[in-house]
Amino acid sequence: MELTVNGATTFCYTGGKPFNREQPTVVFLHGVLNDHSVWILQTRWFAHHGWNVLAPDLPGHCKSAGEPPKSVEEAAAFVLALLDAAGVQKAALVGHSFGSLIALETAARAPERVTHLALVGTACPMKVSPALLENAQHQPMKAIDMVNVYSHSLLAPPPSALGPGTWLYGGSRALMRRVLASNPRVNVFHRGFVACDSYTGGEAAMAQVQCPVLFVLGKADAMTPPKAAQPLQQKARNARTVLVDGGHAMMTEAPDQVLFALRDFLR
């Protein structure tokens, strides 16, 4: 599905189902140097169980045109414009990593439009090491290798994600290289990391959130360890937490656990 958002074409994966405005909508937001495909199992399940799914490629990433967001706040404004373009008044938001900060900021800016907020692999603050920032800017292939080491706790996923024998490290590296190459004008890797690193409004944003909140955290997550979510957990007024057996790339390392946590939360 393609929508015009802020004058640019935005690609949204719908899980293989046509958009039906009579159904509730859930928006899936990806992290730095990823695209809609990281939600492959979760989006298809919801699309086939009574939900509209909007899983966009962020602006300037892969199939979406436009200027890549320079900040979490700018990305949140994009999400609200996306809802307007889709004719959706209210939606549930699910975000991973950078996407979790975007979802949080969106829910704080327009609490009347967000019915549920799910933060997957989140942290507050979401600081990025100077070495990663430096390499993302000047040696992105080296930074991609670093991120993949930190993001994974398994070599191959369970069957319900990508299938037995799939090499998680190789697949993730290929995706990140493809996303990086999709925008020859802007280094979306470095820009995304800077947006995460510079975002200081997480706790204030959570204080503005009015909907139920779900934290999905990976027990073996080295990028955003579970303890890094505590400042947000302490501010959330109506929240639950699910710990899954995976690292930062938990949508493929613990696909069923992530899906079931989202399913039970959005029922």
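## A sheet, a helix and a shared core

Strands β3 and β4 pair in the parallel sense, with three bridges between them. Here T25 stands opposite N52 in β4. From β3 the chain crosses through α1 to β4, and this β-α-β crossover is right-handed (with the strands pointing away from the viewer, the path from the first strand over the helix to the second runs clockwise). This is a predicted model, in which local features need pLDDT of at least 70 and side-chain atom pairs count only at pLDDT 80 or more, while totals for chains, interfaces and linings use all residues. Residues are numbered from 1 along each chain as its sequence is written, and side-chain values use heavy atoms, leaving out hydrogens and water.

**The sheet**

- Eight strands form an open sheet with mixed pairing, in the order β1-β2-β4-β3-β5-β6-β7-β8; strands (E, at least two residues) and helices (H or I, at least four) are DSSP runs numbered from the N terminus.
- Two strands count as paired if DSSP finds at least two bridges between them.
- β1 (2-5) and β8 (239-244) are the edge strands, as each pairs on one side only.
- β3 also runs parallel to β5 (residues 91-96), joined by four bridges, and F28 stands opposite V94 in β5.
- β2 and β4 pair in the antiparallel sense over two bridges, with C12 standing opposite P56 in β4.

**Strand β4**

- Five of the five residues of β4 are buried (under 20% relative accessible area, with exposed over 50% and partly exposed in between, using a 1.4 Å probe and protein chains only).
- N52, L54 and P56 point one way from β4, while V53 and A55 point the other way.

**Helix α1**

- Q42, T43, F46 and A47 are buried in α1 (residues 40-47).
- These residues lie on the same side of α1 because they cover an arc of only 125° around the axis (taken from the directions from the helix axis to the C-beta atoms).
- The cover over the buried residues of α1 includes β2 (8-13), β3 (25-29), β4 (52-56), α10 (250-253) and α11 (255-266).

**The nonpolar core**

- A nonpolar core is a set of buried Ala, Val, Leu, Ile, Met, Phe, Trp, Tyr and Cys residues joined through side-chain atoms within 4.5 Å.
- The largest one has 92 residues, and L117 and F189 have the most contacts inside it.
- Helix α2 gives this core its largest share, nine residues.

Methods
Contact means heavy atoms within 4.5 Å.
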